[in-house]
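These are my notebook entries on a two-chain model, written down in the order in which I looked things up.

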Amino acid sequence: MHRIVILGAGTGGTIAANRLRKAFTPGEALITCIDQDDRHVYQPGLLFVPFGLTHPEDIVKPRGRQLHRGIDYVMSAIESVDLRTQTVHLASGANVTYDVLVVATGAVLAPEDTEGLTGTGWMEKVFTFYTPEGAAALEAALATFDGGRVVVNVVEMPIKCPVAPLEFCFLADWYFQERGIRDKVTLTYVTPLDAAFTKPIASARLGGMLEERGIELVTEFNTGQVDGGEGRLISYDERVIDFDLAVVIPAHNGAAYVMSSQGLGDALGFIPTNERTLQSLAAANVFVLGDAASLPTSKAGSVTHFEGEVIVENVKRFLDGQALDASYDGHSNCFIETGFSKAMLIDFNYEVEPQTGHYPGRVGLPLMKESRLNHLGKLMFQWLYWHSLLPGRDIPGVTSAMPTAGKTGAALPEKEEVSS
Amino acid sequence: MSVETIAGRDIQLNEEGFLTDPTQWNEEVAVELAQREGIETLSDRHWEVIRFMRSEYEKKGAGPSVRMLGKASGVPIKELYQLFPKGPAKLAAKIAGIPKPRGCI
């Protein structure tokens with residue numbers, strides 16, 4: 001009997017557990033899933049909370065109930081993993097041994113890594129919408145905001161859902177227009193990157209969309225300090241940006257136990273992982289999916305979903321002593337909410353930039369273009385998330401490998417056309 | 001992409017001035033690349049960062065971010081900005097002859 005232990009019961013852990021349960025009979029494998037609480041947050045929903053479009057209670061469900069029968073759910077914080085003895089040490093005092101470990105504990109926010117961020121003004125004038133509590137506090141603050149400068153600041157990459165801060169800007173532009181005070185609000189997007197986004201072609205498009213909406217863009221700003229009392233962001237090279245209200249996306253780390261687990265993670269607690277097989281570089285019987293991995297692709301639910309198929313295949317192959325499937329291509333896609341009930345869709349992988357055309361085939365959702373259909377897609381996705389994606393059902397037409405059939409742009413290698 | 005003579009060698013640079021082939025790099029190349037960026041002399045602390053960048057690149061295939069540098073290189077972030085003004089991760093990567101940090105995606 002194989003012992004498979006999954007750390008984390010969020011998007012990645014739940015998909016992996018449910019798919020693995022289908023792949024092995026109860027007699028073949030014992031599957032245990034461990035998480036520290038019973039609150040599974042539909043994270044894409046957090047973006048909508050500050051604008052009153054959804055509420056925290058509508059995007060949280062119990063973790064245990066998303067797991068299929070035959071999966072043992074253990075609720076405890078994790079202290080550390082001992083790769084040598086193949087043991088997970090839990091805060092409850094229990095030890096769990098494994099033959100194969102799947103790590104899916106995601107990324108955690110590290111606001112304390114930025115001087116002053118959690119000091120004066122935190123949750124009064126300085127907010128983050130990356131937690132249900134922060135998003136709810138921001139909703140209250142926006143509702144009474146009657147004008148001034150709003151800055152949206154990404155402290156450092158990598159962050160979860162790298163387009164979310166841009167979406168926040170687009171929605172804020174819509175929100176203040178709806179309230180009739182857009183002319184009294186200055187919106188500024190402050191990023192450590194040298195452009196609006198990481199992928200050059202999408203970046204040019206998104207940068208243009210900021211400009212069209214009169215949203216200022218400040219690039220290469222590395223936030224060293226947040227002074228909530230005075231309302232100032234201060235960069236390491238001593239540039240200052242004043243604000244009346246700041247929406248800050250704090251730096252991210254891997255889960256805390258990773259740092260206490262000899263040899264597992266890097267200096268930030270992310271786990272070095274083979275980008276094709278999703279096997280950790282630390283040990284052959286450890287696989288990693290989702291935000292916990294240190295991979296050159298987005299920390300996003302779509303990525304985690306696409307990785308799920310490959311990881312289940314590779315856990316099977318590893319236990320059968322076969323060569324691993326090296327087919328994960330970095331496939332990522334995301335709906336970018338652009339305000340006024342429209343959204344844009346982008347689809348890309350390790351090598352290929354986001355292109356125009358349609359997804360997933362010639363007839364499908366328009367890519368790189370704002371449309372109402374994409375907005376509906378984004379709304380419908382919440383249903384698919386709970387009822388199709390987490391249970392490990394295949395979504396018709398949506399595959400792990402990036403599709404090319406509906407795309408009209410030439411296959412562009414990374415970093416081409418940067419200057420155009 | 002262009003080929004330039006740096007420290008007596010023909011070196012390929014991309015449009016942003018990063019080496020396209022990190023094996024073409026040596027310490028003399030670093031000294032001249034630093035001067036082009038306005039850093040007249042490379043101190044021991046500069047070299048500490050440059051060597052860290054090289055070893056991270058060799059291990060992981062990508063240069064570290066500023067915060068990773070601050071945590072793991074032994075040089076605090078404030079000092080990194082004094083040594084490599086504006087963008088330490090980017091500038092140190094350029095001088096260390098490795099690709100521009102992807103900054104993640």
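Entry 1, a residue and its surroundings. Asp242(A) sits in strand β17 of chain A, residues 240-242. Leaving out residues up to four places away in sequence, I find that Asp242(A) touches Arg149(A), Gly231(A) and Arg232(A). I also checked Val150(A), which is 92 residues from Asp242(A) in sequence, while their C-alpha atoms are 9.0 Å apart in space.

Which residues touch the most other members of the largest nonpolar core? In this core of 66 residues they are Phe129(A), Val150(A), Leu166(A), Cys169(A), Ala246(A), Val247(A) and Ile346(A). The largest share of the core, seven residues, is supplied by α3(A). Apart from this core I find another, of 48 residues, which includes Ala16(A), Ile34(A), Ile271(A) and Leu289(A). I went back to Phe129(A) and, setting aside neighbours within four places in sequence, listed its contacts as Leu46(A), Leu47(A), Val49(A), Pro50(A), Gly134(A), Ala135(A), Leu138(A), Phe168(A) and Val247(A).

The assignment divides chain A into domain 1 (2-106 + 255-320), domain 2 (111-251) and domain 3 (333-413). I looked up domain 2 and domain 3 of chain A, whose centres, taken over C-alpha atoms, are separated by 26 Å. Here 13 residues of domain 2 of chain A are in contact with eleven residues of domain 3 of chain A. On the domain 2 side, the elements that give two or more residues are α3 (164-178) and α4 (200-212) of chain A, and α3(A) provides the largest share, six residues. By class, I record nine nonpolar, no polar and four charged residues on that side.

I list seven helices and 26 strands in chain A. Its radius of gyration is 21 Å, close to the 22 Å that the globule rule gives for 420 residues, so chain A is as compact as a globular protein of that length. Of these 420 residues, 49% count as buried, and among contacts in chain A between residues at least 6 apart in sequence, 67% join residues at least 24 apart. The mean pLDDT of chain A is 93, with 97% of its residues at 70 or more. Over residues 410-420 of chain A, however, the pLDDT is below 50, although this stretch has 13 contacts in the model beyond near neighbours in sequence. Where pLDDT is low, the predicted coordinates should not be read in detail.

Chain B has five helices and two strands, and from the N terminus on its elements run β-β-α-α-α-α-α. I note that 39% of the 105 residues of chain B count as buried. Where the chains meet, the contact takes 20 residues from chain A and 19 residues from chain B.

Definitions and conventions:
Residues numbered from 1 in each chain as written. Chains lettered and ligands numbered in written order. Predicted model: local features only at pLDDT ≥ 70, side-chain atom pairs only at ≥ 80, totals over all residues. Contact = placed C-beta atoms within 7 Å. Domains from an automatic or database assignment. Helix = DSSP H or I, 4+ residues; strand = E, 2+ residues; numbered from the N terminus. Nonpolar A, V, L, I, M, F, W, Y, C, P; charged D, E, K, R; others polar. pLDDT = per-residue confidence, 0-100. Core = buried A, V, L, I, M, F, W, Y, C linked by C-beta atoms within 7 Å. Buried ≥ 20, exposed ≤ 12 C-beta atoms within 10 Å, placed from the backbone. Rg over C-alpha atoms; globule rule 2.2 N^0.38 Å.
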